[in-house]
Amino acid sequence: MSAADAIAVAGVTKVFGSGNGQVAAVDDITVSIRKNEFFTLLGPSGCGKTTLLRLIAGFEFPTSGAIWLDGADVSDTPPFRRPINTVFQNYALFPHMTVEENIGFGLKMLNRPKAEIAERVAAMLKLVRMEALAGRRTNQISGGQQQRVALARALAPAPKVLLLDEPLSALDYKLRKEMQIELKRLQAETGITFIFVTHDQEEALTMSDRIAVMAAGRILQVGSPREVYDAPADRFVAGFIGESNLLPGTVERVSGGLASVTLSVGGRIEAVAPDGFSGGGPATVVLRPEHARLMPAAGAPEGAIAGTLATAVYFGTDTHYHVRLADGSDFTVREQNRPSVEARFHAGDAVAAVVEPRAARLLRERP
Amino acid sequence: MARPFDVRRQRGFTVVAAFCFALLYLPIVVLVTYAFNAGESIANWEGVSLRWFVAAAGNAQVIDASIRSLQIATAAALIATTAATLAALATTRTAPYRGQAATFAALNLPLMVPEIVTAVALLIVFARIKMATGYTGLGYLIAAHTAFCIPFAYLPIRARLDGMDLNLERAAADLYATPVRAFRHVTLPLLWPGILAGFMLAFVISLDDVVITEFVKSGGQETLPTYMLGQLRRVITPEMNAISTAFLALSIVVVTVFFLVSRKRD
């Protein structure tokens with residue numbers, strides 16, 4: 001691992017069960033998480049993201065491979081000797097202690113002097129804006145407040161890495177939005193490395209410095225939110241992060257990193273090819289719904305993707321047009337709504353989609 | 001308008017309920033009342049008096065039996081609660097293991113085995129040990145009471161642990177608590193009401209046991225219930241009522257204290 005890494009996961013596999021019931025929840029994962037980074041593990045439930053987090057926390061130990069923390073191998077270190085703290089999904093606050101006692105627990109277990117603990121707890125209460133409720137029992141405060149206490153408790157011992165296991169999933173929409181901003185602020189103020197687990201792609205995109213997209217115990221892609229959104233590594237990433245249209249076709253030629261693809265539903269697209277791509281033949285193009293525009297079929301330029309409008313769904317900020325293509329598949333176009341302009345198209349209209357330049361990407365097919 | 005089904009509105013419900021409560025509490029009311037009888041009889045009321053309480057308090061055999069009962073109940077409940085706490089921790093705070101169902105069965109089976117069977121079995125085994133060692137002290141009764149108290153102590157402790165999030169101990173470990181300190185600062189304080197309930201239950205069960213005690217006790221080892229049973233075979237005076245009433249009062253005090261303590265904890 002390099003000196004800039006807070007955590008290095010090196011070829012870690014975690015197998016649960018025995019005999020025929022063996023399942024690799026984490027399957028040979030190698031990834032490095034940099035210091036002061038907001039790093040997100042994103043994937044559907046059962047993809048192994050929580051197991052990976054628990055391996056880093058020390059609640060589970062790898063079947064094979066190693067976990068490095070700040071240059072030291074901690075693979076066999078129990079959780080109470082790792083300078084890593086966790087915010088649990090259900091918060092796991094100690095119900096027999098007050099808010100203050102919860103926040104001070106870690107420092108007390110580290111045998112810090114009483115005066116130092118009191119000072120640090122006061123600072124943490126201020127950080128999460130909970131000064132007024134310091135003496136309350138944890139079952140006497142709201143879910144959002146419990147969340148703040150859980151954060152303060154995990155941050156109080158100033159860990160090298162903070163792990164967050166879907167901490168916002170129990171909150172309602174508005175509170176979740178507030179806490180997202182709050183978490184970003186806390187990470188910036190404390191400078192602690194955050195590893196955040198979520199299945200919510202929007203949460204991952206808005207909060208992360210980098211995202212690791214996981215499925216079936218593996219990491220499929222690691223990159224900035226922009227990279228994983230604009231240049232998904234494969235079909236799964238393209239489908240899991242945001243909506244996307246997947247169009248099969250044939251690559252005619254590649255030049256200057258652009259592939260000219262004839263689509264099997266008719267029409268032609270210039271798609272950005274992955275680095276080092278040179279082959280021809282069958283391929284899949286991925287296109288985000290907001291990167292296409294709809295126009296009447298009559299007068300559409302050559303190469304536009306033609307079809308019939310099946311439905312138009314109004315979403316407030318934008319309208320989703322579902323277009324039926326020649327082979328019966330669905331193609332989605334998303335257009336921003338403008339004030340006092342009625343929907344431009346109606347179900348049954350013959351329409352054509354025009355794609356913005358350099359918006360479509362050729363998917364690298366995995367063997 | 002059709003009303004939803006409500007058992008309290010069924011015809012005859014009040015009568016059945018009243019009958020059941022009368023059957024439960026009327027004999028106790030009669031028993032307690034005659035404890036205060038001034039006369040010699042437990043059937044003829046001859047005015048209010050505390051003479052039978054005074055008599056019981058001055059009866060050396062009653063005092064002797066009461067002290068022995070409390071000694072046995074305290075020792076048995078302490079040992080049983082400790083064992084039950086360890087058993088409950090081992091069966092709920094660990095990853096599922098082979099033979100877990102068998103462990104539960106083994107722990108709870110004493111509740112199903114007829115008491116007389118246990119009593120006879122213990123009589124035979126203890127008789128051999130007595131012959132071999134010559135020891136005839138209270139140890140046999142304490143061991144026997146401990147054995148049948150364990151499942152009673154186990155149930156409330158296990159119930160308390162089942163409702164306790166495993167993440168609490170993980171959180172403690174995550175916050176630098178060694179396993180011993182996590183137990184001391186998180187598990188034990190949260191488990192305390194369950195342990196107290198287990199202890200009280202074991203204590204009360206031991207206190208009024210007759211069958212096993214009758215079989216296991218050596219000569220001169222009367223407990224309060226076996227002493228009362230022996231007396232009832234001879235002359236019955238309101239002294240028995242007075243002892244029973246004192247016994248009842250003790251139980252009520254124990255349960256009330258437990259209720260107040262556990263409510264304060266939550």
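**Figure 1. Area buried between the two domains of chain B.** Domain 1 of chain B and domain 2 of chain B bury about 700 Å² between them, and carbon and sulfur atoms give 72% of this area. On the side of domain 1 of chain B, the residues that lose the most area to domain 2 of chain B are Leu31(B), Ala35(B) and Ile42(B). Together these residues account for 58% of what that side buries. The view, like those that follow, shows a predicted model.

**Figure 2. Domain arrangement in chain B.** The domain assignment places residues 9-49 of chain B in domain 1 and residues 60-265 in domain 2. A distance of 31 Å separates the C-alpha centres of domain 1 of chain B and domain 2 of chain B. Ten residues from domain 1 of chain B and eight residues from domain 2 of chain B take part in the contact.

**Figure 3. Polar and charged features at the domain interface of chain B.** One residue pair in polar contact is counted between domain 1 of chain B and domain 2 of chain B, with both residues at pLDDT 80 or more. Zero salt bridges are found across this interface. Where domain 1 of chain B touches domain 2 of chain B, its side comprises six nonpolar, three polar and one charged residues.

**Figure 4. Domain arrangement in chain A.** In chain A, the domain assignment gives domain 1 as residues 5-235 and domain 2 as residues 243-362. The C-alpha centres of domain 1 of chain A and domain 2 of chain A are 39 Å apart. The contact between them involves six residues of domain 1 of chain A and six residues of domain 2 of chain A.

Figure 5. About 570 Å² is buried between domain 1 of chain A and domain 2 of chain A, with 48% of it on carbon and sulfur atoms. Helix 7 of chain A, residues 225-230, gives the most to the side of domain 1 of chain A that touches domain 2 of chain A, contributing three residues.

**Figure 6. Polar contacts and residue classes at the domain interface of chain A.** Three residue pairs in polar contact are counted between domain 1 of chain A and domain 2 of chain A, both residues of each pair being at pLDDT 80 or more. The count of salt bridges between these domains is zero. By class, the side of domain 1 of chain A that touches domain 2 of chain A holds four nonpolar and two charged residues, and no polar residues.

Conventions: Residues are numbered from 1 along each chain as its sequence is written. Chains are lettered from A and ligands numbered from 1 in the order in which they are written. This is a predicted model: local features need pLDDT of at least 70, side-chain atom pairs count only at pLDDT 80 or more; totals for chains, interfaces and linings use all residues. Side-chain values use heavy atoms; hydrogens and water are left out. Domain bounds come from an automatic or database domain assignment. Contact means heavy atoms within 4.5 Å. Buried area is the accessible area (1.4 Å probe) that two parts lose on being put together, summed over both. A salt bridge is a side-chain nitrogen of Lys or Arg within 4 Å of a carboxyl oxygen of Asp or Glu. A polar contact is a pair of N or O atoms within 3.5 Å; within protein, one must be able to donate a hydrogen and the other to accept it, and residues adjacent in sequence count only if both atoms are side-chain atoms. Ala, Val, Leu, Ile, Met, Phe, Trp, Tyr, Cys and Pro count as nonpolar, Asp, Glu, Lys and Arg as charged, and the others, Gly among them, as polar. Helices (H or I, at least four residues) and strands (E, at least two) are DSSP runs, numbered from the N terminus.
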